[in-house]
Amino acid sequence: MALGWRGQYLRYKEYFLNVVVLYKQRRDLKMFLEVILSLITITIFGLFALKPTALTIISLVKEVNEKEKTISLLDQKIANLDTASSLYSENSGVIPLVDLAVPNQPQPEIFVGQIQAVASKNAVQVLGVSVGEIILLGKDDQAKKKEAGLKPLSTGSKEMTVSISISGNYQGIISTARDLENLRRPIKIDAFGINTTTSESGNIIVAIISGRLPFIQ
Amino acid sequence: MATKKKLINLLPQEEFEASTLGRLLRWAMTSFRYIVIITEMVVMGAFLSRFWLDAQNSDLNDQLQIKTAQIKAQSDFEKSFRTLQAKLQIFKDLSKEKKPSDTIAKIVAKVPGEVSLQSISFQETSAQIKGVAGSEMGIAQFISNLNADAAFKDISLGQLNSSENNPSLTVFNIKLLIK
């Protein structure tokens with residue numbers, strides 16, 4: 001007895017020969033010959049001629065459609081750039097003010113100068129100004145800020161922390177705080193404390209303002 | 001009445017047509033021919049449409065190159081405009097923030113005559129007030145005044161002691177949340 005593929009071969013050869021014999025014997029089966037051949041031909045042509053052609057055409061049409069979409073997006077971007085350019089030209093006079101408000105560098109020296117000017121205007125004494133650590137390159141330590149319970153100022157902005165200590169009368173302190181809030185360079189005041197101490201010379205009011213100033217690089 | 005039985009035989013009568021070779025030849029001349037013609041038409045149609053599609057594709061490539069170059073030429077301006085937009089957004093966000101000086105001024109405006117404040121500390125959403133009062137009525141009045149303002153909520157009196165320097169005065173500590 002044949003084993004393995006030989007056995008299978010013999011078995012299927014027998015079936016195939018029987019089919020041929022059956023086909024030869026029965027005349028009605030011959031009627032389906034055309035149908036079978038047609039189906040085989042259609043399948044072969046479909047697989048080897050029509051399918052690759054259709055696939056090529058479909059991929060080309062897809063490519064063209066995608067490029068048309070990209071071009072329309074580029075057109076829109078060009079139009080937007082034109083609008084931006086005309087807006088920029090129209091407002092070119094005030095753009096330096098925006099750069100002053102949110103500078104590209106922390107510029108603590110300018111801010112300290114502004115504090116002194118505000119304090120002198122409101123007749124209060126600046127006891128001290130301290131500027132915190134500034135990240136000049138790289139990302140801000142968000143974890144540290146979270147620990148301190150501080151929300152980030154705005155997306156994409158860096159910040160300079162400052163703490164200002166002033167002394168004077170109540171009206172002067174409030175006016176100084178107001179002026180600081182309304183400076184061209186915006187400040188986010190995180191904490192503001194006013195404390196009164198009594199000494200031999202009378203009441204001394206000291207205020208401590210802690211805040212953050214944005215800058216963008 | 002005897003009926004005549006009609007016999008219908010669809011199988012071809014001629015010997016060659018009935019043979020396998022005859023059938024094959026007949027199929028090759030009819031169905032196979034049509035299948036080949038239709039397939040060729042489709043393939044030719046696709047072949048011809050490729051010319052048109054390729055030309056269109058090439059035009060689009062040229063347009064893409066031109067427009068990309070246009071945008072690249074303005075990349076510096078785009079960068080500075082985006083930075084400007086970011087700066088304006090930062091300014092806008094900060095302008096919306098609460099101003100502590102207003103809150104402190106509001107608190108101070110509600111202090112009755114017999115109460116004087118020793119310290120006020122303000123944080124983003126809360127404030128703490130420490131003061132001295134000649135009587136408890138003054139403190140109650142102060143709390144009532146604060147309660148009347150919609151800007152403050154959850155006002156709590158945390159501490160109430162006699163002053164160490166002057167026992168006739170009462171030291172108090174108020175905590176409140178800012179809306």
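## A strand residue with positive phi

Asp154(B) lies in strand E3 (residues 152-162) of chain B; helices (H or I, at least four residues) and strands (E, at least two) are DSSP runs numbered from the N terminus. This is a predicted model, in which local features need pLDDT of at least 70 and side-chain atom pairs count only at pLDDT 80 or more, while totals for chains, interfaces and linings use all residues. Residues are numbered from 1 along each chain as its sequence is written, chains are lettered from A and ligands numbered from 1 in the order in which they are written, and side-chain values use heavy atoms, with hydrogens and water left out.

Although Asp154(B) is not a glycine, its phi is positive, at about 50°. At 55% relative accessibility, Asp154(B) counts as exposed (buried means under 20% relative accessible area, exposed over 50%, partly exposed in between, with a 1.4 Å probe and protein chains only).

## A loop residue in chain A

Ala123(A) sits in the loop between helix H5 (108-121) and strand E1 (125-131) of chain A. Its phi is near 55°, again a positive value in a residue other than glycine, and Ala123(A) is exposed, with a relative accessible area of 64%.

## Where the chains meet

Now to the interface. Here 61 residues of chain B are in contact (heavy atoms within 4.5 Å) with 63 residues of chain A. The area buried between the two chains is about 5,600 Å², with carbon and sulfur atoms giving 69% of that area; buried area is the accessible area (1.4 Å probe) that two parts lose on being put together, summed over both. Lys87(B), Ile90(B) and Leu94(B) supply 12% of the area that chain B buries against chain A, more than any other three residues.

Leaving aside neighbours within four places in sequence, its contacts include Val98(A), Asp99(A) and Ile216(A).

## Salt bridges and strand pairing

Six salt bridges are counted between chain B and chain A, each a side-chain nitrogen of Lys or Arg within 4 Å of a carboxyl oxygen of Asp or Glu. Asp102(B) forms a salt bridge with Arg178(A), the closest N and O atoms being 3.5 Å apart.

Asn195(A) stands opposite Ser119(B) in E1(B).

How values were computed: Pairing = 2+ DSSP bridges.
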